[in-house]
Amino acid sequence: MTMRVQERPTGPMPTARRQRPGFADPVQDAQRVFRAVLGAFARPTLPQPLEAGTTGRVAPLSPGVAAVLLALCDEQTPIWLDPALRASDDVCAWLRFHTGARLVDAPGEALFVVASSPTVVPRLDALASGTDEEPHRSATVVIDATGARGTGDFVATGPGVNGAVAWDGAGLPVGFLAQWQQNHSHFPRGIDLILVADDSVRALPRSIRLQGAENRSA
């Protein structure tokens, strides 16, 4: 996944549509969020503290997800929003104003796929997975995992994992394990995941192998 920290415009807001503010300190806050996400990818499935948030919530976009998008997205990162988020004119205008990103209609066209809950995550095989020559041209799925329950008993292994780590998969959609195993088999191509809770962020990079069992009632 390619991650950038962008300095956002600090001039007057357009009078035609007043936007809620983003970070209180655009540079420092973006760097803090970037480091949290970077730490999450370095330590897959383990929560990393997400200290910097946005100064005003733009519902139904959670503050944590908003902070991650502000830190990672710019005009070169097309974004797909789930139907609830896309239906909000405030969310769409806020993202365009603060990131310059283009919002796309099909998840397969996006580099960032944003889901306001695990239940609306598109299938991984419908997303851009990059190519063998350019594996970085793949999608990153950002999931609002606030209050999510565990979906199974999983064991993660791979780069960044000290041996093996147990994880309950909180924030993953139902039926995810088979999709992920297929995704992992395409490495170095594949999809990466970022799961954002109220004050923490986890990552599941494509290089990680996930085994175990899902809860049937999840």
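Figure 1. P49 lies opposite S200 of β8. Strands β1 and β8 run antiparallel and are joined by 2 bridges; two strands are taken to pair if DSSP finds at least two bridges between them. Strands (E, at least two residues) and helices (H or I, at least four) are DSSP runs, numbered from the N terminus. The model is predicted, so local features need pLDDT of at least 70 and side-chain atom pairs count only at pLDDT 80 or more, whereas totals for chains, interfaces and linings use all residues. Residues are numbered from 1 along each chain as its sequence is written, and side-chain values use heavy atoms, with hydrogens and water left out.

**Figure 2. The open sheet and its strand order.** Six strands, in the order β1-β8-β7-β4-β3-β2, form an open sheet with mixed pairing. Its edge strands are β1 (48-49) and β2, each of which pairs on one side only. Strands of a sheet pair through backbone hydrogen bonds, either parallel or antiparallel.

**Figure 3. Strand β3 and its two neighbours.** With β2, strand β3 pairs in the parallel sense over 3 bridges, and L81 has V114 of β3 as its bridge partner. With β4 (residues 140-144), β3 pairs in the parallel sense over 4 bridges; here V114 stands opposite V142. F112 and V114 on one side of β3, and V113 and A115 on the other, are all buried, so that both faces are covered. Buried means under 20% relative accessible area, exposed over 50%, and partly exposed in between (1.4 Å probe, protein chains only). In a regular strand the side chains alternate between the two faces of the sheet.

**Figure 4. The largest nonpolar core.** This core holds 36 residues, of which V68, L69, L81 and I194 touch the most other members. Two or more residues each come from α1 (26-42), α2 (63-72), β2 (79-81), α4 (89-99), β3 (112-115), β7 (192-196) and β8 (200-204). The most are given by α2, with 8 residues. Another core, of 27 residues, lies apart from it and includes L124, F176, L195 and I208. A nonpolar core is a set of buried Ala, Val, Leu, Ile, Met, Phe, Trp, Tyr and Cys residues joined through side-chain atoms within 4.5 Å.

**Figure 5. Helix α4 and its cover.** V91, C92, A93, W94, L95, H98 and T99 of α4 are buried. The cover over the buried residues of α4 includes α2, β2 and α3 (83-86). After α4 comes G100, with a positive phi near 75°. C92 has a relative accessible area of 5%, and C73 is likewise buried, at 0%. The model contains 0 disulfides, a disulfide being a pair of cysteine sulfur atoms within 2.5 Å.

**Figure 6. T77 in the loop between α2 and β2.** T77 is placed in this loop and is buried, with a relative accessible area of 2%. Its side chain reaches the backbone oxygen of D74 at 2.8 Å.

**Figure 7. Confidence along the chain.** The protein chain has a mean pLDDT of 90, and 88% of its residues reach 70 or more; pLDDT is the predictor's confidence in each residue, from 0 to 100. Over residues 4-17 the pLDDT is below 50, and beyond near neighbours in sequence this stretch has 26 contacts in the model, where contact means heavy atoms within 4.5 Å. Where pLDDT is low, the predicted coordinates should not be read in detail.

Definitions and conventions:
Polar contact = N/O pair within 3.5 Å; in protein donor to acceptor, adjacent residues only side chain to side chain.
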